[in-house]
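Here is a walk through one chain.

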Amino acid sequence: MSDYEKQNRITTRAKSKEQVEKEPKGEPGTSLPPQKHDVEIITGESSCSSPQHGKKKLLSRPQSLSIKKVKTIEGVIKRYKLALKSYRRWKRCFPQRKPNLSPKTLLVSLILMIIFILVHLVYLDWTGAEKEIVHQEAAEKQPDFSLGTTHATPSSTPNSTTNALPSAEPHLTACGVPVQSGPMIKVAHHKAYVIGSYVEHRLSSKTIRTVAIVFRSEEVQYYCLLCCDGRNISAAASLDIHSDHFEFDYGTADITCQVPTTCTTPAYVAITSQTHEGGRSVWNIQSFQSVGNQQPRTENFPYAFTVCISVMYDYMNVLGLVQAMEMFKLLGVQKVAIYKTSCYPDMQKVLDYYVRQGFVDIIPWTVSSYIEVARGWKKSDSPGELEFFGQIVALNDCVYRYMYESHYVALQDLDELILPLKEDNWTTLIPYLEKIYQHHAGFEFENNIFPLSFNKTPENTPDLWKQFEGENISSHVYRIPNDPNEFNNFKVIVNPRLVFKATVHGLLDSMGGTVRVDPKIARMYHIKSYSSKYFSPESVIRDTRLWDYADKLIPAVSEVLRQALNIQ
């Protein structure tokens, strides 16, 4: 070390902190006399000499970082950059020496660097999302209106084991807006939810019919916003609330609009209301929905019979489900549509098995995540805003969903079987009924209750079946007689192309109505829990019609249980 450097070191250390802070700082690349050098947080100085116009350039060692002097994120970033720059300059001057940094200093530096990286990533994410929103809004703007988005927020999540939730298809958009495949699309700013939209071919002009759930007391002018060949076209809509709402706040409704002549193929639709902002129309939609039933059929239907099951919630009857599915097959059913809210894990495995076969379609039914649904039909006895899990709206959607996919549609539950007494299956039963009744709209099958409290297990019941939850339907062969002088409920098999409005027991609006089938020809077997106070045990009638299917049903059910649940 030269005499000059030694003297500089001694002089600098002798200075007080107050004197140093008052002295001017040198800018990078400038030469300062020794007494003017920055020594604010020096732990021992070293100089760096380089000939530059005959003067010496002096640098201090890297500054230590102190969190106490920094109060903001911006300050952290600035202090970190200054320290890093100072260190690089010092290292260029003294490559042979290492900075005397304590472990505490290194730890503080590492923490600040991590904070800087996290802040940087958050900033990029925020700005990227903002740019994406701006880009989407710009892409969606039309000459006379703009599209906004609003998201439906579930009010609750079902406390079930397996739930199905609707979701937008990840790569499908229409007119710059995501397309959602499932039901329950909320209409922005209103208490209304879209379930399914379909082309109505039976009216004088082409119409879009949307099955929906609406808040009955809310008065709204709805519009159909159609995406046609990449263009948005609007049309005023009319609202028709079904009468079978049972005085609940929400009810099933049809929202219909005529398709403008400028729209040749109404592929996608959104239900909205028109608002005004800044002197122009604004359409608030969350997503578009595909419009079904584009091409009508009068023959060559993919399925002869489709069964609509609404709705499945907290279902755990594994054995009963498999028996019902295999009985449907024996009766000639080719498709079962299940509007599923929830079920247990083994149930889901069975459903997955039938879905893979192409026999079952699962429609996610998440109504209870948005609306408080009742578990009954009387508002006074069952609190809620919508009747029995929204069963009626699900049945109506099913009729339209399979209107041109299935020759006939049966509206029933999993614990119900419509059995012919003189025929083996529906394939021969329905043509026979059409012939004797000269009627082609729909047929009512009288409900007959087989109480669970009366059972007789057949001797040929496999031991395998005893391992599973649920009721063995073949054990229940005692039915309660119906009073012919009283009204008896029923379920229907209908020609869906003749139906406008369906309900739990029959139809509200159709072309031709339905006819009650003689119970000696066919009847509905309803296996359910039923209080003995409503019937006399001595009056029950032994009815073993189900056993006629045992030879085919037993091996089929056993095979499905083994395959679906991986039982050896």
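A disulfide, here, is a pair of cysteine sulfur atoms within 2.5 Å. Cys224 and Cys257 meet that rule, with their sulfur atoms 2.2 Å apart. The model is a predicted one. The torsion about this S-S bond is -105 degrees, and the link of Cys224 and Cys257 is left-handed. The pair joins distant parts of the chain: Cys224 sits in strand 8 and Cys257 in strand 11 (residues 250-258), 33 residues apart. Cys224 and Cys257 are both buried.

By the same cut-off, the count comes to 4 disulfides. Another one joins Cys175 to Cys227, with the sulfur atoms 2.1 Å apart. Its torsion about the S-S bond is about 90 degrees, so the disulfide of Cys175 and Cys227 is right-handed. Cys175 lies in the loop between strand 3 (168-174) and strand 4 (177-180), and Cys227 in strand 8 (residues 222-228), so the pair ties together parts that are 52 residues apart in sequence. Both cysteines, Cys175 and Cys227, are buried.

Strand 8 also holds Cys228, while Cys263 lies in the loop between strand 11 and strand 12, so their link ties together parts that are 35 residues apart in sequence. The S to S distance of Cys228 and Cys263 is 1.7 Å. At -70 degrees about the S-S bond, this link of Cys228 and Cys263 is left-handed. Cys228 and Cys263 are buried as well.

How does the pairing run along the chain? With the bonded cysteines numbered in sequence order, it reads 1-3, 2-5, 4-6, 7-8.

The structure holds 5 cavities of 30 Å³ or more. About 70 Å³ lies in the largest cavity. Its lining includes Ile185, Lys186, Val269, Ala270 and Ile271. Strand 5 (185-186) and strand 12 (268-277) are the elements that give two or more residues to this lining. The largest share, 3 residues, comes from strand 12. By class, the lining of the largest cavity divides into 7 nonpolar, 3 polar and 1 charged.

Finally, confidence. The chain averages a pLDDT of 79, and 72% of the residues score at least 70. Over residues 4-47 the pLDDT stays under 50, and the model has 60 contacts beyond four places in sequence for them. Residues 49-71 also have a pLDDT below 50, with 62 contacts in the model beyond near neighbours in sequence.

Key:
Residues are numbered from 1 along each chain as its sequence is written. This is a predicted model: local features need pLDDT of at least 70, side-chain atom pairs count only at pLDDT 80 or more; totals for chains, interfaces and linings use all residues. Side-chain values use heavy atoms; hydrogens and water are left out. pLDDT is the predictor's confidence in each residue, from 0 to 100. Contact means heavy atoms within 4.5 Å. On a 1 Å grid over the protein atoms alone, a cavity is a set of points where a 1.4 Å probe fits but cannot get out, and a pocket is an open set with protein on both sides within 12 Å along at least five of seven lines; lining residues have an atom within 4 Å of a point. Grid points are joined across faces, edges and corners, and a volume is the space filled by probe spheres set on the points. Helices (H or I, at least four residues) and strands (E, at least two) are DSSP runs, numbered from the N terminus. Ala, Val, Leu, Ile, Met, Phe, Trp, Tyr, Cys and Pro count as nonpolar, Asp, Glu, Lys and Arg as charged, and the others, Gly among them, as polar. Buried means under 20% relative accessible area, exposed over 50%, partly exposed in between (1.4 Å probe, protein chains only).
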